[in-house]
Amino acid sequence: MSQSQLLKDVSAALERAGVKYMLTGSWASGYYGEPRSTHDVDIVIEVSVDAVDALKEAFPLADYAFDDVAAAKAILTRGMFQLWHHQSGAGVDFWVASDDRFATAALERRKEVLIGGTRTYACSPEDLIIQKLKWSQMSGGSAKQILDVQGVYEMQRTSLDLPYIKHWIEHFQLQAEWNSVAEGNDRL
């Protein structure tokens, strides 16, 4: 199974299970900016532990490796759990949304998009920029995250809500990471 097909299947399964979600990571940055290869699909979900059975049912064990105990733990700790397609090895990292103002805003601002013929939800380009700046900060200055942000900025710059981005840059103290983006882009 290709990652595109996995995205299609997972999006449909999350819709059926009533789970609010949004695509993030490399798939989202590829949609809004410069595509690049990735090993998995990253999806943020807003879900309670009560939904674990619905998720388990949505991903049959004959086709997928789904650990309901790991999923429940991740939901309770607002962490991450994985799903793997047995035959292809294609995977999804499910990131459970935190309960802070940024995560709430990002889920409210998600966009319905069409990727490879699949209707799905993706985080907004502004929220993707903020999240990737945060990931860069947490990883000590990941060049890959900065390049993704530069690509999204370059492709979306005429439609970005810059006051929104600057608000969260100040809130999360991401000025150094934003300056790294600016060094590679003279239009910031």
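The exercises below refer to this structure, which is a predicted model.

**Exercise 1.** Characterise the largest pocket by its volume, its lining and the elements that supply the lining.

*Solution.* 
Step 1. The volume of the largest pocket is about 390 Å³.
Step 2. Its lining comprises 19 residues, and those nearest the centre are Val44, Trp95, Ser98, Gln131 and Trp135.
Step 3. At least two lining residues come from each of strand E1 (20-24), strand E5 (91-96), helix H5 (101-108) and helix H6 (125-138). The greatest contribution is that of H6, with five residues.
Step 4. Sorted by class, the lining holds 11 nonpolar, four polar and four charged residues.

**Exercise 2.** Carry out the analysis for the second largest pocket, stating how many of its lining residues are nonpolar, polar and charged.

*Solution.* 
Step 1. Two or more lining residues are given by each of helix H2 (25-32), strand E2 (40-46), E5, H6 and helix H7 (143-156).
Step 2. The class count for this lining is two nonpolar, five polar and six charged residues.

**Exercise 3.** Describe the packing of H7 against helix H9 (residues 175-183).

*Solution.* 
Step 1. Two quantities are required, since a pair of packed helices is described by the angle between the axes and the distance between them.
Step 2. For H7 and H9 the angle is about 65 degrees, and the axes are 9 Å apart. The crossing of H7 and H9 is right-handed.
Step 3. On the H7 side the contact is made by Ile146, Val149, Gln150 and Tyr153, and on the H9 side by Glu177, Trp178, Ser180 and Val181.
Step 4. These contact residues of H7 and H9 comprise five nonpolar, two polar and one charged.

**Exercise 4.** Locate Gly79 and identify its contacts beyond the neighbours within four places in sequence.

*Solution.* 
Step 1. Gly79 is in the loop between H4 and strand E4 (80-85).
Step 2. With those neighbours set aside, Gly79 is in contact with Ala74, Phe94, Trp95 and Val96.
Step 3. From Gly79 to Ile146 the C-alpha to C-alpha separation is 23 Å, and the two are 67 residues apart in sequence.

Conventions:
Residues numbered from 1 in each chain as written. Predicted model: local features only at pLDDT ≥ 70, side-chain atom pairs only at ≥ 80, totals over all residues. Heavy atoms only, no water. 1 Å grid on protein atoms, 1.4 Å probe; cavity = no way out; pocket = protein on both sides within 12 Å on 5 of 7 lines; lining within 4 Å. Points joined across faces, edges and corners; volume = space filled by probe spheres on them. Helix = DSSP H or I, 4+ residues; strand = E, 2+ residues; numbered from the N terminus. Nonpolar A, V, L, I, M, F, W, Y, C, P; charged D, E, K, R; others polar. Axes fitted to C-alpha atoms, helices over the stretch in contact; angles between N-to-C directions. Left-handed = near helix turned anticlockwise from the far one by under 90°. Contact = heavy atoms within 4.5 Å.
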